[in-house]
Amino acid sequence: MNADMRGLSQMISTLDLSDAAIDRRKAFLEFGEDDIARLRQLHEMLAGYAPDFASEFYRHLLSFEEMRALLPDTETLGRLQRSQTAYFEGLTAGNYGRDYIHHRVRVGTAHHRVGLSPTWYLGAYAKYLVGLLPEISHRLKDSPERAVEVVQSLIKIVLFDMGLAIDTYIDARDQTIRGLKNYSDMVFESMHDGILVLSSELVVLSANSSALKMFGLSLQKVLGRHLAEVIDCEGLEASALDVVRGGAELHDRSFCLHATHSPVCKQARVTIRPICLSDERDRLLVVIEEVSEAELLRRQAELKLARSEALLRHAQSVAKIGSWSMDRKGAQPDGIEWSAETYRLFDVAPGTPIDYPFFVDKIHPADREAVHEAWQRALGGEPYRVEHRIYCGEEIRWLEERAELEMDAEGNFVSVIGTVQDITERKTAEGRIEQFAFYDSLTRLPNRALFRDRLERALASARRHGHNVALLFIDLDRFKEVNDTQGHGCGDLVLAEVAHRFRTTLRHDETLARLGGDEFVIIASETGRSGATLIAERLNRSLAKPIEIKGNRFELGASIGVALFPHDGADAQFLLKHADIAMYRAKQSGGGYCFYDAEMGAVLARRLEVARRFGKALQDGVLQLHYQPQVELHSGRLIGAEALLRWQDPEWGWVSPAEFIPIAEERGMMVAVGEWVLKKACRQIRFWEQAGLRLPARMAINVSAQQIEREDFAQRAQSIAREAGVANSCIELEITESSVMLDPASAMKVTRTLVDAGFHFAIDDFGTGHSSLSYLKRFPASTLKVDMSFVRHMLSDRNDHSIVATIIAMAKSLGLGTLAEGVETEDQAKSLLSLGCDKAQGYLYGRPMPPVAFANTWLTGGADLLPQG
């Protein structure tokens, strides 16, 4: 028996819905076999009426805002409407046995679960009767006496139903209340701090375990006794009475408390506040937080520090770690004073004389220039703050230093006081995040994001120096058989071994990466056709020997596609695409390797035609914007929409953005495209507003790297929003992670200007690029969008799941919201919510749709609206 059936049986038992009890209810209503016969006749007479009634009833129901909130989507509405039809058809069907009773009990329970109070579903009965009585009167106009009898029977069964539904609703609510009380009692008992509840006369009404344990008391010796009889403390009773009389609440007041039977004093912080209950006299909540010995010692240390020299006070206020100083007017003008903690951090014996050369000698050689430059900037008036490494024996430790310099009237350095803090753990954590973000957890190879970065770097170097780059795209043959027969655990071990074999075949200047699944890539700089051939042959030889895992032997091969820069592609995207095309040609040929050639790239002709037609469509203004909903994950509530560019060619039909957007970027058309999108989206927002519709939160609009690179972009964006009459705060501009890193300083300057003007920013496709964490921390974004390429396989690919979890955790640590793209299943949504993701968009919630369809679905509930202009 499942949980629902057990709950139903329990409720039937609680409500005493036995056959005898039901018979009593019917007898009280004088409901008998004559009534049943009349209702069956009415049922036949009104055959087919219930669907029309249910449709009219839900139209009436949705005219109330409270009901629309409980019925958020058309699928739920349709299901409930069908259920309502069946419900009222059953009302007159004449079968009122145990199945009928069970069905009505489930309905009452459902009303409570949905949040539909009796006020609303009693209205359903009223609507039903008001709509049905004229129909009965009309159909029985020739027999008024019979009409009266039918109406009387109908009223009896309606009242019988109402009694069952209301009893069920009340019992379900009582169960919820009891559950909440049990929960609150559990929380009360599990609190670490001691808690007492007092009456207005300071009599103890309840106490949790922590309070009893704190003072060595039992519950029997506490309940019903006056506070002063339980705890002896000067001023505590007076403070509690002051709160009772309406004085200010007491917060974190220090007291020395002890039980009346014990001389042992407990140093504690006490909070007293009133609890106002509607049906009882006011009570007091007393929270007792015992001060630990460590905190007492800290308080004593703070008092000592408060009386110490100004140097130590200042150092403790800055970081409360190590301190150091230098005074050119002191006894040792070139000497540096270190506190005991600073000696410990630098792993130097206390009392060792310190000067600047000694300090520099402790710094990691790679960081000495950065420290020197930071000091020179400080002498010029900037704050001194620098992170650097030091050697501590065999260990390398990360430190952060801050200081304030004192200069004389002529601008000469006089003295400095500063602090030093150990930040090794933070740097280690950042390194782990970097590892998760840019390396495959299974093979320890660079992942897709780091591969793209290294390929871009290799191509940039090749362009500067005029040499070739070979890109090899590798897909394992027969690997699917491993997963299908031995499971993914064994498959992972095989992939790890393949990665090891591939790695051993490479030279130091060749980069091996894993794209995902059983796909690998190799970047070989200064390598032409002959060199790429040797690499491919080495890779195939590395798989000649069967792989043995857990007593199984697997004979794998590899299909390798090769593309050469610049002949086969001028950028990373085309080079990877052409290598992929060549790999599939190799796989179709039975494995081995294959070089890309022009025949494989017949699509290039289409690219040229796409560029021509798209340019004309942009010029003619026939592009379209579709809108995809963005929802709050924990509630499913609409919180915004993303404007997505769509193009329907007269001859080709709909053309995928994945095809025309890269071409537009390559042809330098994205500035014009982006400005058109921004204008169109702003006009749509304004049109909806004028039509009385409100899009929650913000409209997300994609911004290309070409737009961000323009100095006047910030001014143009503000001008477009202003001309459309749209508030800047209504717009969230999305920029890809890779776009930010093309020119981070310029991107931050432009985006900061727009953020100051009220716009919001989201980093799109996060995790697919190779952004620097130092830039990400300073970039004024409010949201990270998790790319759909990770979301799509996060439930089946542990690596993708780890990447998604890492991105969400990193966003939270930086104070950013998260939005997952490409959410298609409930399981994905639940997993993302459990990881802490805030928002989502994808086919699970809705496909991109034209503005009219979006408004009808999400904003109006059916109004037919067309935008102007």
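**Close-up 1. Leu-512 stands opposite Ile-522 of strand E14.** The model shown is predicted: local features need a pLDDT of at least 70, side-chain atom pairs count only at pLDDT 80 or more, and totals for chains, interfaces and linings use all residues. Residues are numbered from 1 along each chain as its sequence is written, and side-chain values use heavy atoms, with hydrogens and water left out. Helices (H or I, at least four residues) and strands (E, at least two) are DSSP runs, numbered from the N terminus. Strand E13 (residues 510-516) and strand E14 (residues 519-525) pair in the antiparallel sense over six bridges, where pairing requires that DSSP finds at least two bridges between two strands. Thr-511 likewise has a residue of E14 opposite it, namely Ile-523. Two residues lie between the strands of this hairpin, and Gly-517 takes a positive phi near 60 degrees. Six of the seven residues of E13 are buried, buried being under 20% relative accessible area, exposed over 50%, and partly exposed in between (1.4 Å probe, protein chains only).

**Close-up 2. Strands E13 and E14 belong to an open sheet of five strands with mixed pairing.** The order of the strands is E13-E14-E12-E17-E18. E13 and strand E18 (592-595) are the edge strands, each of which pairs on one side only. On average, and with direction ignored, neighbouring strands of this sheet are turned by 20 degrees against each other; axes are lines fitted to C-alpha atoms, for helices over the stretch in contact, and angles run from 0 to 180 degrees between N-to-C directions. Strands of a sheet pair through backbone hydrogen bonds, either parallel or antiparallel.

**Close-up 3. Helix H22 (residues 529-542) has buried residues that are covered by helix and strand elements, including E13 and E14.** With its 14 residues, H22 reaches 20 Å from its first C-alpha to its last, close to the 20 Å expected at 1.5 Å a residue; the expected span is 1.5 Å times one less than the number of residues. The buried residues of H22 are Ala-532, Thr-533, Ile-535, Ala-536, Leu-539 and Ser-542. Among the elements that cover them are also strand E12 (469-477), helix H21 (488-505), strand E17 (557-565) and E18. An α-helix has 3.6 residues a turn, so residues three or four places apart point the same way.

**Close-up 4. An open sheet of five strands has antiparallel pairing and the order E8-E7-E11-E10-E9.** Strand E8 (337-338) and strand E9 (384-392) stand at the edges with a single partner strand each, so one side of each is left without a neighbour in the sheet. Helix H17 (residues 368-379) packs on this sheet and touches E9, E10 and E11, and its direction makes about 150 degrees with that of E9. Strand E10 (residues 395-407) runs antiparallel to strand E11 (residues 413-422), and nine bridges join them. Glu-406 has Ser-415 in E11 as its bridge partner.

**Close-up 5. Helix H19 (residues 448-465) packs against helix H23 (residues 572-588).** The two helices meet at an angle of about 110 degrees, with their axes 10 Å apart. That makes H19 roughly perpendicular to H23, since angles under 35 degrees count as roughly parallel, over 145 as roughly antiparallel, 65 to 115 as roughly perpendicular and the rest as oblique. Their crossing is right-handed. The contact involves Phe-451, Arg-452, Leu-455, Glu-456 and Leu-459 of H19, and Ala-572, Gln-573, Leu-575 and Leu-576 of H23. A crossing is right-handed if the near helix is turned clockwise from the far one by less than a right angle, and left-handed if anticlockwise, while contact means heavy atoms within 4.5 Å.

**Close-up 6. Asp-161 lies in helix H9 (residues 144-190).** With a relative accessibility of 0%, Asp-161 counts as buried. When its neighbours within four places in sequence are left aside, Asp-161 is in contact with Tyr-87, Leu-91, Tyr-100, Arg-104 and Tyr-125.

**Close-up 7. His-43 is found in helix H3 (residues 33-45).** His-43 counts as partly exposed, at 28% relative accessibility. Leaving aside neighbours within four places in sequence, the contacts of His-43 are Glu-89, Thr-92 and Ala-93. His-43 and Phe-88 are 45 residues apart along the chain, and their C-alpha atoms are separated by 9.9 Å.
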